[in-house]
Amino acid sequence: MKLLHHALAGLVLGWAFGYDLWLSMLFSIGPDIPQALILYPLLAYKHKRIILPLDGDWKNFSKSAWSHLYFAPHSLLFVAILNFSDFSAFFIGLYALHILVDIPTHTGEWSIRLMWPASWKIEGFFDAWKRS
Ligand SMILES: [Zn+2]
């Protein structure tokens, strides 16, 4: 699922259950924040793009050390760490929901590594990033 879709899901769920909408959206996009703030600009710079990298720029990037900024926040380890915070179970649930939704929609080298840092991954069954 893409960042905007996650944010909209957080907005709707936050509204439906009466929670702060900004925090709902923030936790809904939580696992993708390091990717959006660090990996996108890094790849754009590397490939001399103005703002965002193109789809092809991501090829083989999952093998670099930087990719752990994607895999780590999409793991159960981060959900466990959040459980030690003072945030409500609702927001932590939104964070976990993001990961749950990403599992079937990420395939190949970007499949979710739920048990990160272990390299075992769950192969999704359709690619949300693929353009038809
Ligand atoms: Zn994600």
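Residues are numbered from 1 along each chain as its sequence is written. Because this is a predicted model, local features need a pLDDT of at least 70 and side-chain atom pairs count only at pLDDT 80 or more, while totals for chains, interfaces and linings use all residues.

Let's begin with confidence. The chain averages a pLDDT (the predictor's confidence in each residue, from 0 to 100) of 91, and 95% of the residues score at least 70. Among the elements of the chain, the highest mean pLDDT belongs to α2, at 97, and the lowest to helix α3 (residues 33–46), at 91.

Now step back to the whole chain. It has six helices and zero strands; here helices (H or I, at least four residues) and strands (E, at least two) are DSSP runs, numbered from the N terminus. The C-alpha trace spans about 40 × 35 × 30 Å along its principal axes. For 132 residues, a compact globule would have a radius of gyration near 14 Å, and the 15 Å of this chain agrees with that. The radius is taken over C-alpha atoms, and the globule rule is 2.2 Å times the number of residues to the power 0.38.

How much of the chain is buried? Of its 132 residues, 20% count as such. A residue is buried if 20 or more other C-beta atoms lie within 10 Å of its own, exposed if 12 or fewer, and partly exposed in between, with C-beta atoms placed from the backbone. As for contacts (C-beta atoms, placed from the backbone, within 7 Å), 46% of those between residues at least 6 apart in sequence join residues at least 24 apart.

The buried residues of α1 are H6, G10 and G14. Seen down the helix axis, they fall within an arc of 65 degrees, so they line one face of α1. The arc is that of the directions from the helix axis to the C-beta atoms. An α-helix has 3.6 residues a turn, so residues three or four places apart point the same way. L4, W15 and A16 are exposed on the face turned away from the buried side of α1. Among the elements covering its buried residues are α2 and α6. After α1 comes G18, with a positive phi near 75 degrees.

That leads us to α6 (residues 89–105), which has 17 residues and reaches 24 Å from its first C-alpha to its last, close to the 24 Å expected. Its buried residues are F91, L94, Y95, H98 and D102.

Finally, find F90 in helix α6. With 16 C-beta neighbours inside 10 Å, F90 counts as partly exposed. Beyond its neighbours within four places in sequence, F90 is in contact with F17 and Y19. The C-alpha atoms of F90 and G14 are separated by 8.8 Å, although the two residues are 76 apart along the chain.

Terms used: Contact = placed C-beta atoms within 7 Å. Expected span 1.5 Å × (residues − 1).
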